[in-house]
Amino acid sequence: MVFLNKNKFKNLLGVSLALLVLAFSAQDVFASNLSQLDLIRNQMACYQNINPTEYKKLELKLQKLISQNNLDYSNQSRFEDVKRLIQEQKYTIAVFELNDLIKNDFNKSQCYELLADICLKTQKPASKTAYYFKQALSEDNENVSATYKLARLYLKENKNILGTQYLQKTVELTQNPNY
């Protein structure tokens, strides 16, 4: 058993508190950077087709934030961040990022599927949702989850023949030994 005298205990407690403060400070900095990143991307989404000059300024501001804070803004990191954005219902930013990732030819099937998922969550017309699911399948015709979701959408819309066809395709895909 180790016993600490009063001074050693105070020093150890002080160091522990300092480490805790540093940990919370790092967490606050991360949260602050994420908030700034979200704010800039939201503004970019709004100005994208309206004011090219303002959009360019925001793009430079985004690049500055990324470089100053050494943020990972790779396509993979952005794709993972889209999932957080969707969970937090920040759909404008998520759609902005997904469209940019599609332009970059990154994981297009899953990007289109996520766009369709956003359409479902925001109650967009079924035709728009189906369009994105079909785009996902045109990029990867073995995307089981997009196939299944499209089947469910068609069945919900009382398009039973199409729904049944996509359900059958889902079953075939899941029975594929390469799946």
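This is a predicted model: local features need pLDDT of at least 70, side-chain atom pairs count only at pLDDT 80 or more; totals for chains, interfaces and linings use all residues.

Visitor: Where does asparagine 158 lie?

Guide: Helix H7 covers residues 144-156, and helix H8 covers residues 160-175. Asparagine 158 is placed in the loop between H7 and H8.

Visitor: Is asparagine 158 buried or exposed?

Guide: A residue counts as exposed when its relative accessible area is over 50%. The relative accessible area of asparagine 158 is 63%, so asparagine 158 is exposed.

Visitor: What is the phi of asparagine 158?

Guide: Asparagine 158 is not a glycine, yet its phi is positive. The value is about 60°.

Visitor: Which helices does the loop with glutamine 123 lie between?

Guide: Glutamine 123 has a positive phi, near 55°, and is a residue other than glycine. At 73% relative accessibility, glutamine 123 counts as exposed. Its loop lies between helix H5 (108-121) and helix H6 (126-139).

Visitor: Are H3 and H4 roughly parallel or roughly antiparallel?

Guide: The axes of helix H3 (residues 75-87) and helix H4 (residues 91-103) come within 9 Å and cross at roughly 155°. Angles over 145 degrees count as roughly antiparallel. Therefore H3 is, relative to H4, roughly antiparallel.

Visitor: How many residues of the contact of H3 with H4 are nonpolar?

Guide: The crossing of H3 and H4 is left-handed. Among the contact residues are Phe79 and Val82 of H3, and Ile93 and Leu98 of H4. One residue of this contact is polar and three are charged, while the nonpolar ones number nine.

Methods:
Residues are numbered from 1 along each chain as its sequence is written. Side-chain values use heavy atoms; hydrogens and water are left out. Helices (H or I, at least four residues) and strands (E, at least two) are DSSP runs, numbered from the N terminus. Buried means under 20% relative accessible area, exposed over 50%, partly exposed in between (1.4 Å probe, protein chains only). Axes are lines fitted to C-alpha atoms, for helices over the stretch in contact, and angles run from 0 to 180 degrees between N-to-C directions. Angles under 35 degrees count as roughly parallel, over 145 as roughly antiparallel, 65 to 115 as roughly perpendicular and the rest as oblique. A crossing is left-handed if the near helix is turned anticlockwise from the far one by less than a right angle, and right-handed if clockwise. Contact means heavy atoms within 4.5 Å. Ala, Val, Leu, Ile, Met, Phe, Trp, Tyr, Cys and Pro count as nonpolar, Asp, Glu, Lys and Arg as charged, and the others, Gly among them, as polar.
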